[in-house]
Amino acid sequence: MSGLVDGSETPLWDILADVRASPIDSPAPEGAEVEEARVAVVIEDEEDIRSLLSTVLTQAGFTVHGAGTGEEGLELVRTHGPIVTTLDVNMPGMDGFETAKRIRAVSSTYIVMLSARTEEIDALQGLEAGADDYVAKPFRPRELRARIDAMLRRPRHHVATVPVATIGEDEGAVGWLEHRGVRLNPDTRIVTVDGEDLELTRSEFDILADLLGSGRRVRAKSDLALMLRGEQYTGVEFVSDSDARAIEVHVANLRRKLGESASQPRWIETVRGVGYRLTA
C-alpha cells in the first residue's frame, strides 16, 4: 500500500515509522481540564489508517480510543468524552456525515473529518454536519497534527470581546453581549434569542461572540478564520479560499439557526467582498 497518506510513493508504514521517530509535545489548551485534553477518539474503518492516526495523536500526548464504525465511535465518544475526534467520511453502515451529526448532538468534541472526497460540496456538508475541520485524503501526518494543535489553541472562553451591559439590567446579567434580542454570555457559553435558548456549534458560537463584540466594525472572513484557529493577524498568516468558504458556511448555518435571511438580516449584515458586521 503506497501513497495512501501523503500522496507520495512512500509506503504507509515508512511514514508511520517516521512519525514515531519524531514526537512533539502538544500542551493542553489553556483553561482545559488535563484529563479532557489528553483523550481522543479515532473513527476509521481502514485499520492501517486508524493505526497511523492513533500514533499521530499518541505522539501529541493523547490517550487514543479507536473504532472501525460510526456506531462504535459514537459510543466511544459518549464513554470517554474526548476533546478531539477524527472521523472518516466513507464508512460502512452509518457514514461520517451522519456520525458527525449524532456526535454533535451529545458532545462538544472537536471533530476533524477525513475523506478522499475532495469536492467542495463534501467539505461543506461536513461542516454543516458539525465538523470543525475537513481534511482531504491523502493527508500529511504533520499537517494533520498542526491543524489539531491550532484547534486546541482556540480559547474556550471568548476573551477578545468586551462585555456589554443593557440598560436597566440586574446584576446577574452583567457580562452578556446583546443585539436586537440575541444575548450571549462568553463565560457560560449560553446564547438566547428573544428569551429562547439557542444551540450552536463551537465555531458558530465563537463567530457570533466575535461579531457581537465588534459592533459595527467589519470582521473580514480572514480575521474570523484566524480567530477560529486561535491566531491573530500579523500580516504573515495564510488564509486559504477554503478557509474563507468555511466561514461562509458557518455564518450561513448561524443565520439559519437564528432564523434570519441574508437578504433582509436582523442581526448579521454581509459586507460584500469583505466579511460581516452587526446590523445597525
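Buried residues account for 49% of the 280 residues in the chain. The model is predicted. The chain holds 10 helices and 12 strands. Its accessible surface comes to about 13700 Å², and 49% of that area belongs to carbon and sulfur atoms. Of the contacts between residues at least 6 apart in sequence, 58% join residues at least 24 apart.

**The parallel sheet**

Five strands form an open sheet with parallel pairing. Their order is S2-S1-S3-S4-S5. Strand S2 (63-67) and strand S5 (133-136) stand at the edges. Each has a single partner strand, so one side of each is left without a neighbour in the sheet. From one strand to the next, the twist averages 20°.

How is strand S3 (residues 84-88) placed, enclosed or open? 5 of its 5 residues are buried, so S3 is largely enclosed by the rest of the structure. Both faces of the strand are covered. Val84, Thr86 and Asp88 are buried on one side. Thr85 and Leu87 are buried on the other.

S3 pairs with strand S1 (residues 39-43) in the parallel sense over 4 bridges. Valine 41 has threonine 85 of S3 as its bridge partner. S3 also runs parallel to strand S4 (residues 110-115), joined to S4 by 5 bridges. Here aspartate 88 has leucine 114 of S4 as its bridge partner.

Together with helix H5 (residues 96-106), the two strands make a right-handed β-α-β unit. S4 then pairs with S5 in the parallel sense over 4 bridges. In that pair, serine 115 has alanine 136 of S5 as its bridge partner.

The strand pairs described in this report, with a bridge from each:

| Pair | Sense | Bridges | Example of bridge partners |
|---|---|---|---|
| S1 and S3 | parallel | 4 | valine 41 and threonine 85 |
| S4 and S5 | parallel | 4 | serine 115 and alanine 136 |
| S8 and S9 | antiparallel | 2 | valine 193 and glutamate 196 |

**The antiparallel sheet**

An open sheet of 4 strands has antiparallel pairing and the order S6-S7-S8-S9. S6 and strand S9 (196-197) stand at its edges. Each of these has a single partner strand, so one side of each lacks a neighbour in the sheet. Strand S8 (residues 190-193) and S9 pair in the antiparallel sense over 2 bridges. In S9, glutamate 196 is the bridge partner of valine 193. Helix H8 packs on this sheet, touching S6, strand S7 (182-185) and S8. The direction of H8 makes about 105° with that of S7.

Helix H8 (residues 202-214) has 13 residues. From first C-alpha to last it reaches 18 Å, close to the 18 Å expected at 1.5 Å a residue. H8 is mostly covered, with 12 of its 13 residues buried. Among them are Arg202, Glu204, Asp206 and Asp210, along with Phe205, Ile207 and Leu208. Just after H8, glycine 215 takes a positive phi of about 65°.

Helix H7 (residues 141-152) has 12 residues. It reaches 17 Å from first C-alpha to last, close to the 16 Å expected at 1.5 Å a residue. Its buried residues include Leu144, Arg145, Ile148 and Asp149. The end of H7 is represented too, with Ala150, Met151 and Leu152 buried.

Leucine 212 lies in H8. At 8% relative accessibility it counts as buried. Tryptophan 176 is 36 residues from leucine 212 in sequence, and their C-alpha atoms are 10.0 Å apart.

Histidine 179 sits in strand S6 (residues 177-179). Is this residue buried or exposed? Its relative accessibility is 13%, so histidine 179 counts as buried; the cut-off is under 20%. Beyond residues up to four places away in sequence, histidine 179 touches Leu212, Arg266, Trp267, Leu278 and Thr279.

Notes
Residues are numbered from 1 along each chain as its sequence is written. This is a predicted model: local features need pLDDT of at least 70, side-chain atom pairs count only at pLDDT 80 or more; totals for chains, interfaces and linings use all residues. Side-chain values use heavy atoms; hydrogens and water are left out. Buried means under 20% relative accessible area, exposed over 50%, partly exposed in between (1.4 Å probe, protein chains only). Contact means heavy atoms within 4.5 Å. Accessible areas come from the Shrake-Rupley method with a 1.4 Å probe; for residues, only the protein chains shown count as cover. Two strands pair if DSSP finds at least two bridges between them. A crossover is right-handed if, with the strands pointing away from the viewer, the path from the first strand over the helix to the second runs clockwise. Axes are lines fitted to C-alpha atoms, for helices over the stretch in contact, and angles run from 0 to 180 degrees between N-to-C directions. The expected span of a helix is 1.5 Å times one less than its number of residues.
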